[in-house]
Amino acid sequence: MTDKTRNTMWGGRFAAGPDAIMEAINASIGFDQRLAPQDIQGSRAHAAMLAATGIISDSDAEAIGEGLLTVLSEIETGAFPFRVELEDIHMNVEARLKELIGEPAGRLHTGRSRNDQVATDFRLWVRDQCDAVTEGLTALIRALLGQAEAGADWVMPGFTHLQTAQPVTWGHHMMAYVEMFGRDVSRFRDARARMNEGPLGAAALAGTSFPIDREMTAKALGFDRPAANSLDAVSDRDFALEFLGAASICAMHLSRLAEELVIWSSAQFRFVTISDRFSTGSSIMPQKKNPDAAELLRAKLGRILGANVALFTVMKGLPLAYSKDMQEDKEQVFDAADTLMLGLAAMEGMVRDLTANRANLEAAAASGFSTATDLADWLVRALGLPFRDAHHVTGALVKRAEEKGCDLPDLTLDEMRDAHADITDAVYEVLGVHNSVASRTSYGGTAPEQVRVQIARWKEKLT
């Protein structure tokens, strides 16, 4: 290709084309070809608007629209000849369109710039990702609801500091993640609503003198309205940052659940069994069944959080409006979105296939003096002790049980009365783990009846 051909896109300002190094650093077609469907969608809307406002003829608009569909078909079938020297997806599409339909292709770029074009393409792509992530999260929430419903009354230990704290139910624990991922859904929906403004027509930075109809293109592309400031429209990447922020929080939630699956599936806990579909073996130890999918999910937060930091770093020092730095806004967002979607699919599969070991959960729930708080609460209710005094009495009984090597329900009534003379045998009614969880009937508590209330609420939300 000659220098003259190479610099056609830049016009007459440049006498020579770029050398190989400049071409390599300047080109983005290696990754932004992923925006092809959005680029063609935006161009078709723009062409239709140019015809409707009389800026180009109907016949030119029709030729452009049909030609762009041909380009899209070539891209989808793998027949499209992407060319690095054409820099990006926009110029690749326009050059191929010219080969297909000739002169009318040159009228497509009237009243717009690559600046508002890429801002529109990228916003459309991120908007689509918000929808896809919301679908993935909804599927995961449904899987968690299935686990919660099956084990609404199964007791297990609740932990603080990874130490046994109080008995809870399996259903209650699963529903905690439903709430987390539910908030993630709301974050992606909120982000989508904020980003749903159309940059197209902002042109390079100042708008255009052509009598374009930005309301028309915004409506055609599913935006709520056109972006109100042309400088902001071409330089805004808040939408991508907000997507990465929501993705980072969501990935953190996935990582926390993955960590619990790793712990729970260990030989020391045996709370759950992760299916073979999401486990691997060892090359040397035949007995091993490793929770590799969960471990990888735990690690992938790093990629998503790294993408968030990377884009913040790109954007933090940029003056208005567009700078070439902003070409570095896409690869990390693409990778983060791919990583998050894979993580959601993997977690949804793991949760659906997960087998909880009810007997081991219950045995663990009864250990570690998990009903000590129930004992203290009983002393307050039954004997009228101030809670701090009840806390002290309970602590003395825990110490006595530790010395005997038994749990609280195994202490005799006489041993109980050594700590406080007014304790009666009614105390044993609150020391069982089933009694403990059944008593936690406050809204949002772990009592099976409350768990089922929350399950029903979420099922109604998802219908």
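Me: Which residues of α5 meet which residues of α6?

Reply: Contact means heavy atoms within 4.5 Å. In this sense A63, I64, G67, L68, T70, V71 and E74 in α5 meet V93, R96, L97, L100 and I101 in α6. Helices (H or I, at least four residues) and strands (E, at least two) are DSSP runs, numbered from the N terminus. This is a predicted model, in which local features need pLDDT of at least 70 and side-chain atom pairs count only at pLDDT 80 or more, while totals for chains, interfaces and linings use all residues. Residues are numbered from 1 along each chain as its sequence is written, and side-chain values use heavy atoms, with hydrogens and water left out.

Me: At what angle do helix α5 and helix α6 pack, and how far apart are their axes?

Reply: Two packed helices are described by the angle between their axes and the distance between the axes. Axes are lines fitted to C-alpha atoms, for helices over the stretch in contact, and angles run from 0 to 180 degrees between N-to-C directions. Here α5 (residues 58-77) and α6 (residues 89-101) pack at about 115°, with axes 9 Å apart.

Me: Which salt bridge network includes E74 and R96?

Reply: Side chains of opposite charge can pair when their charged atoms come close. A salt bridge is a side-chain nitrogen of Lys or Arg within 4 Å of a carboxyl oxygen of Asp or Glu. E74 and R96 belong to a network of such bridges together with R83, E85 and E99. The whole structure holds 28 salt bridges.

Me: What separates D184 and R187 along helix α8?

Reply: About one helical turn separates D184 and R187, because they are three residues apart in helix α8 (residues 170-195). They form a salt bridge whose closest N and O atoms are 3.0 Å apart.

Me: Is D184 buried or exposed?

Reply: Buried means under 20% relative accessible area, exposed over 50%, and partly exposed in between (1.4 Å probe, protein chains only). D184 counts as buried because its relative accessibility is 0%. R187, with a relative accessible area of 27%, is partly exposed.

Me: Where do R225 and E197 lie in the chain?

Reply: The side chains of R225 and E197 meet in a salt bridge (3.3 Å, N to O). This pair links distant parts of the chain, with R225 in strand β4 (residues 225-226) and E197 in strand β3 (residues 197-198), 28 residues apart. R225 is partly exposed at 39% relative accessibility, and E197 is partly exposed with a relative accessible area of 24%.

Me: Which residues does G158 touch?

Reply: G158 lies in strand β1 (residues 155-160). Leaving aside residues up to four places away in sequence, G158 touches Q163, T164, A165, Q166, P167 and V168. Because its relative accessibility is 10%, G158 counts as buried. The C-alpha atoms of G158 and H173 are separated by 8.2 Å, although these residues are 15 apart along the chain.

Me: Why is T339 described as buried?

Reply: T339 is buried because its relative accessible area is 8%. T339 has its place in helix α13. Not counting residues up to four places away in sequence, T339 touches K300, R303 and I304.

Me: Is L320 buried or exposed?

Reply: L320 is exposed, with a relative accessible area of 62%. L320 is found in the loop between α12 (292-315) and α13 (331-353).
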